[in-house]
Amino acid sequence: MEGMYAFCVGLLTACGIFLILRGRSFSVVVGLTLLSYAVNLFLFASGRLKLNAAAVLGESEQYSDPLPQALVLTAIVIGFAMTAFAVILAMRARADLGSDHVDGALAPPSRDAAPKNGGSR
Amino acid sequence: MNALIWLPFLPLLGSLVPLFAARFSRTTCAFMTAILPAITLLLVLSHAGEIFNGSLFQASIPWIPSMGLELAFRLDGLALLFSILILGIGLLVILYARYYLSATDSIGKFYAYLILFMFAMLGVVLSDNLIQIWFFWELTSISSFLLISFWGHKTEARKGARMALTVTGAGGLALLAGLLILGDTVGSYSLQIVLYSGDLIKSSASYPVIVVLILLGAFTKSAQFPFHFWLPNAMAAPTPVSAYLHSATMVKAGIFLMARFYPALANTDLWFLIVSLTGLATFLVGAYIALFQHDLKGLLANSTISHLGLITLLLGMGTDLAAVAAIFHIINHAIFKASLFMAAGIIDHESGSRDMRQLNGLWKYMPYTATLAMVASASMAGVPLLNGFLSKEMFFTETLHQASLGSLSWFIPVLATLGGVLAVAYSTRFIHDVFFNGEPINLPKTPHEPPRYMRVPVEILVALCLIVGIFPSMVVGDLLFAAASATLNGLVPVYSLAIWHGFTFPLLMSVIALIGGLLVYKNRSHLFKFQSQFPASDPKLVFEGIVQSITAKANRFISLTENGSLQRYIFFTLVLAVIMTASSLMKLNTTAGQRAEIPLDALSITCAVLLCLAALATVVCHRSRMMALITLSVVGLIVSLAFAKFSAPDLALTQLSVEVVTIILLILALFFLPQKTPKESSPRRVVRDLGLASFAGGIVGTICYALMTRPLDTISTFFTANSKTGGGGTNIVNVILVDFRGFDTLGEITVLGIAALGIYKLIARMRLYMPSTDDHGRPWSKDKHPILLSVISQSLLPLALLVSAYIFLRGHNMPGGGFIAGLITSVAIIQQYVAHGVEWIKTRIKLDYQVMIGMGIGISTLSGLGSWAFGQPFLKTWFDYFYLPVIGKFELASAMIFDLGVFLTVVGATMLILANLGQLTTSERLTQQEQE
């Protein structure tokens, strides 16, 4: 099970990093989300995998490590805030710069293409 | 602790005085400025008697003793000599500058810089710690930069100052490196210890490196060949600055450094070779260039270079007598050169020119100044009965005793005599060209004598030239002995300061120098003609060219690596991270550890395959953004299932609700962003990124696997043991969040609130227009919200809120809590937004989400502070059990109030983000078509 788990974490990391390296902000946000799944799973796994061992007193004989769980719980929420911030920033960048490229340096889309894609001012 | 500590700091205080005193008259300002340095000088002199008897004063304040860092000062003979020069000549310069500076110059600023420089110099000579010497050393570079660029409106002042700073600053860095290695070799940064570790240092392998680095610092500061070019360009400074920095202080700092480290570093072949040859070259080059200068100060600057070379040469000769001669010449040169600079300043001031081709026959206009300048100049030339003669004779004597160059040793006295000839020649030029030699040509002003008190400093210094020259041992004997004793670690050889040693060889050399110099000056027209054949090269231009080419190269390098592309930066950062983790992972012998693995089951495999497929699909379809979002949500759901599977119900609940919120957010955002990503990446880039991503993924997977298969040594047993008894809850995760690590949680909800407010501000002025059509050009549906959805979600709302309340209340003991309940509530409210639209909600739910965030954080903080009222630490939980009919036994805990704060913040933040983003889609906003 551990091997499979590790493989999944690795794959999520790889997918996330590949998308982060793309040029458009939306892909980067999706990549960040994938990467944060990987990171959360990774951190969670540092408490080792246990079946039927919820960290609630009296519910089982042995308990999984509650500390990584507590850390990951807040990480998930903060991760949401970060994703939200990144995506809104991407929208704002598109509004102000006229491009959704992360470098913000590309020429704004031509007038014909603009109405199709929504677009900026 | 004694008065020694105050010595350098009195001038530091004194550098503030002129800033306040500048509002009074210039005389008052000069007088007030002089007070503190004068007190310092008296303090120094009060120690003189004991130092002459061989005492050494030390004082230190420890700072970081374990690292050898301390504030330590020492006052020995060498430091005494330099302190007297720095403070004494400094006082004369203060007086002189009072008359030199014009009414338009800010005299307060000038004095402040000057005294700051004085402080730095005193720091250098008094320091008893290597690092501290370097610190003050750099301070002299900086304060001299300020002084040289005092007339910042002149280009040459700015360029000269920049050049001086660059050269001496670069040397300072070399010096730092040298001192660090030196301290490391000795094992202490205390100068006292270093001075007595000469043998250890010289036998260590790093000795050559230390010597070269420290000498680089000394040579750049003391304008030794080939770093001499900055000194003439620093002449753009006001003349009082030149008189101070370039006679007695700044340029002498390098000499001081060599003298200071003489016991520790000198007397080896390497030292001899570098120091003496550099000194000799500088001596000759400076003297030769000086002869051809037309600028008065240029002549003096180059003669300074030459004399510094002479002192360096003496320090490099390796005999103790030569070191004594070097110290003696330091004193003499400081005296006559300061007076000459001041005289040159007077001439400039009263005639308006420094060009010797214009200045002629000034004797008639200013005989008094002329006499003073002529005496000082004669001292510079080495005429008997003046102080310059004495040390120059000692110099000649020492050159005769050199055998270090083997059979070529006779070169040294011959070249020394040649240098002497040139010195006489340029000194004669200074006298004859300026004060005689016909009539002035086209001077801007009619020259006249300077104000009475402007002459006083020159008179004092010239008088010293004579007194030292005639009664040497009486006037400076003790000082010289003490300084030489400090330089040689107490082993001062027998020397004689008499004027007349009989008809000796050195006397012959002096005579040759005098006659030869006069002859050279007489035939100068031939020399000038010869010199004019060389193309004139301005070191300023050469230097500027070098600086610019370095800047251009640096710019090219920067534009290569730092081209403004975030995409590239991320790539570089990730590559670095991969390399660094990979290299340390290789040290791990086996991937798998000892811990037994959980056996696989069919359900898990199915989920894992689904997860992998969904993740890959996200990558593959990332250019079709909606598709990528759908597959992304599959990944998120399976992640939450994984949490549930591996005994983390809290995480599963959180992940599930965050997933919903995230996907809704991304869909909303996608509405305003292009629906498709254009194909931009070149195949090469795709392959490159795929490679990097696979590498990184492989590394993370490996670490994860290695981690999971090794036994766990956790600190969580404490939490498990104390969760119920200390925190009053059985859900350990929740108790950690609200109690054990409640402070962390408080920080985290604060971050959440800040992020939400940041997003709110970003949205508030967003100038995005609603797209009217989708990606394929189909207009968006203008249908009302489906009635079925509205009705169902409206009736679901109470149920959802009830669930949320239940999850919240049971959180302390069962999976749940503020975070999860907050997210569930948010999802319930968002559903209403989705089903009814923003306008409908706006009129019904009147919640100010910003206030909600503030309340949440406030409540959490207050609940933490509340425990203070009971004398408990911040965020300490109180809990007890109560009994009510019907409900039965239940628990009340202060942690629940904290959790309520968390709940409110989460709801507020989530809703602030989503509701405001959703609001952008309302009909009140203009669509793009309407805009056009």
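The model is a predicted one. Chain B has 932 residues, and 54% of them are buried. It contains 39 helices and four strands.

**Chain B as a whole**
- Among contacts in chain B with a separation of 6 or more, 79% join residues 24 or more positions apart.
- Chain B exposes about 39400 Å², with 69% of that area supplied by carbon and sulfur atoms.

- In soluble globular proteins, nonpolar side chains tend to be buried together.
- Here, the largest nonpolar core has 186 residues, and B:L182, B:W230, B:F261, B:L265 and B:W271 have the most contacts inside it.
- Helix α17 of chain B (residues 320-351) gives this core its largest share, 20 residues.
- A second, separate core has 129 residues, including A:M1, A:A55, A:L67 and B:V906.
- Take a look at B:L265: beyond its neighbours within four places in sequence, its contacts are B:I201, B:K202, B:Y207, B:I210, B:V211, B:I214 and B:W271.

**Outside: a nonpolar patch**
- A nonpolar patch on the surface is formed by B:L385, B:L466, B:I467, B:I470, B:F471, B:M474 and B:V475, which together have about 620 Å² of accessible area.
- Two helices of chain B, α21 (452-470) and α22 (472-487), each supply at least two of the patch residues.
- The largest share, three residues, comes from α21(B).
- B:M474 sits in helix α22 of chain B.
- B:M474 counts as exposed because its relative accessibility is 70%, and exposed means over 50%.

Conventions: Residues are numbered from 1 along each chain as its sequence is written. Chains are lettered from A and ligands numbered from 1 in the order in which they are written. This is a predicted model: local features need pLDDT of at least 70, side-chain atom pairs count only at pLDDT 80 or more; totals for chains, interfaces and linings use all residues. Side-chain values use heavy atoms; hydrogens and water are left out. Patches are made of residues with over 30% relative accessible area and no salt bridge: like charges are joined within 9 Å, nonpolar side chains (Val, Leu, Ile, Met, Phe, Trp, Tyr) within 5 Å. Accessible areas come from the Shrake-Rupley method with a 1.4 Å probe; for residues, only the protein chains shown count as cover. A salt bridge is a side-chain nitrogen of Lys or Arg within 4 Å of a carboxyl oxygen of Asp or Glu. Buried means under 20% relative accessible area, exposed over 50%, partly exposed in between (1.4 Å probe, protein chains only). A nonpolar core is a set of buried Ala, Val, Leu, Ile, Met, Phe, Trp, Tyr and Cys residues joined through side-chain atoms within 4.5 Å. Contact means heavy atoms within 4.5 Å.
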